[in-house]
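Please read them with the structure open.

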Amino acid sequence: MAARSSSSNHVYLNGRTLEGGGQLVRIAIGLSALTGRPVSIDHVRGNREGKKGLKRTHAAAVKLLAEISGSKVSGGEVGSQFLNFFPQSIRSKRGPLLDLSQVTVKSEYDIKLTTAGATCLVFQALYPYLLYAGSQATAPFIKVNITGGTNVTLSPSYDYVAQVIVPNFVKLGLPPLSIILQKRGWSTGPVELGAVTFLIHTLASEHNPIDENQPKGSPEKDRNQTAERLCSFPRINLMDHKRGKVTQIDITVLAPDKPTINGDAEEGTGSTVRQFIEQVTQRTLRRETRKLDPSIFAKRSTSSRHKEDSVSEPSAKDTPVPIKIHTSEATNHHSHVYILLVAHTSSGFRISNDIQGGVGGNRLPKPKKQGKQKQQPAHGPRCDSQSESSFSAAAELVHRCVKGFIGEISYESPNAQPDQKNPSNAKRSCLDASTRDQVVVFEALGKACHGGVHDAEATDMETLEDERDWTLHTKTAQWVCRQMLNV
């Protein structure tokens, strides 16, 4: 019979380790709920500047996961610098994860944050558990509605998750995941909450054999054993996947339509901040991609090049791959500016870089009411100064975003040091730095479920991952997984 969690497998973590932030907490409680191993964390977010301890978003993630998984918590309130998370489920005898016969999961969850906290980071804490335990729900997928921030500084945006993380997860062997934007919510400027809906196809839903393959009258115990065998996390080895060549580049721009430049602001003519960002981003990408090794890009056929050139401006003729606007949305505040660059590769992966910021100025004016209005001058010294400042800030955001993107798609890691030697058989992975740290927990779960297959020391001829691409977040995630899963 599977044993309940005992003091011998209780995990104690120092919250100041490595990155020492909220990611450590999210991964730890997620793996605790999955494995039935209690975890205690002290010095929570101890490496963060300013106030330590749990912020509202972290506390919400802890509370929600505890409710969903039936776990008990102490120290889960906002500001707490210690946390105890005690799962109540039983660990399976057939693997490192929970006995699914002890798990109850609903088909839909509604989560409402009271601030514009990052909805995608809350989801990050819940996703591994629901991916596994969700097979016990009656619906074909789990629906999770989260109200909060969709575009939050220093957090994965809705756009990044939808365009990059979701397709990359599927390529790595995880079940399909859908994310639907209901309304945008920004962490800067006027407080206005957004909402997203996640549709989680669970590990078992990929196979759908539980009802079909069981003869009538099978004991419930047998059905749960079958479910557990099918709910194994896939083994993920990034070096099994080719990076591929870049085939096209997509641009997403969210920015205000005022102020304008080289035109009349009152009449709405001229180039808006959003249009300016689109144009500068395309122009900068064309210039910078031409400087790169041509072998990074897939060859374009002559026929497709002629077709593209016939509808594009002359400056695009020598661009290695097509550069297109994927999404362009007008926002209503100068602090609501977001740029996402996504490279599609021939192997089916997405490599990207994004940035969020503001372009200064005052809050954008509301539409004027009908009727006679006092005529205001379209331009003035202060107006011109603010416009110039806005476009200068926009150009700086574009420059930083493109620079980071070029570093992601290049052959050489941007973190390489002149005196740092890299093994000749080490290669960059098929993921960008931000997705790389999101995948760590699934790599570890795959190893744990498959008994560490292919975990032996690499031979001289085996391809290794270039570890210079590992951020502090990546290394922190790896450390937490080792403590929780012993892999």
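1. Start with the largest pocket. This is a predicted model, and its largest pocket has a volume of about 1500 Å³. The lining counts 44 residues. Closest to the centre of this pocket are Thr153, Leu154, Ser155, Pro156 and His473.

2. Which element gives the most to the lining of the largest pocket? Strand 14 does, with five residues. That strand spans 350-357. At least two residues each also come from helix 1 (22-35), helix 2 (56-69), helix 3, helix 8 (381-409) and helix 9 (433-449).

3. The structure holds two cavities of 30 Å³ or more. For the largest cavity the volume is about 250 Å³. It is lined by 20 residues. Nearest its centre lie Gln124, Tyr127, Phe169, Gln438 and Phe442.

4. Where does the lining of the largest cavity come from? Helix 1, helix 3, helix 4 (158-171) and helix 9 each give two or more residues. Helix 3 gives the most, with six. In this lining, 15 residues are nonpolar, three are polar and two are charged.

5. The second largest cavity holds about 60 Å³ of space. Its lining is made up of Arg243, Gly244, Lys245, Val246, Ser295, Ile296, Thr345, Ile351, Ile409 and Tyr411. Five of these residues are nonpolar, three polar and two charged.

6. Next, the packing. The largest nonpolar core has 85 residues. Which of them touch the most other members? Tyr129 and Leu130 do. Helix 3 (residues 119-133) supplies the largest share of this core, 10 residues. Helix 3 also gives the most to the lining of the largest cavity.

7. Look closely at Leu130. Neighbours within four places in sequence are left aside here. Leu130 is then in contact with Ile68, Val105, Tyr109, Ile142, Val144, Ile200 and Thr202.

8. Another core lies apart from the largest one. It has 31 residues, among them Ile296, Val321, Leu397 and Ile409.

Definitions and conventions: Residues numbered from 1 in each chain as written. Predicted model: local features only at pLDDT ≥ 70, side-chain atom pairs only at ≥ 80, totals over all residues. Heavy atoms only, no water. Core = buried A, V, L, I, M, F, W, Y, C linked by side-chain atoms within 4.5 Å. Buried < 20%, exposed > 50% of the residue type's maximum accessible area, 1.4 Å probe, protein only. Helix = DSSP H or I, 4+ residues; strand = E, 2+ residues; numbered from the N terminus. Contact = heavy atoms within 4.5 Å. 1 Å grid on protein atoms, 1.4 Å probe; cavity = no way out; pocket = protein on both sides within 12 Å on 5 of 7 lines; lining within 4 Å. Points joined across faces, edges and corners; volume = space filled by probe spheres on them. Nonpolar A, V, L, I, M, F, W, Y, C, P; charged D, E, K, R; others polar.
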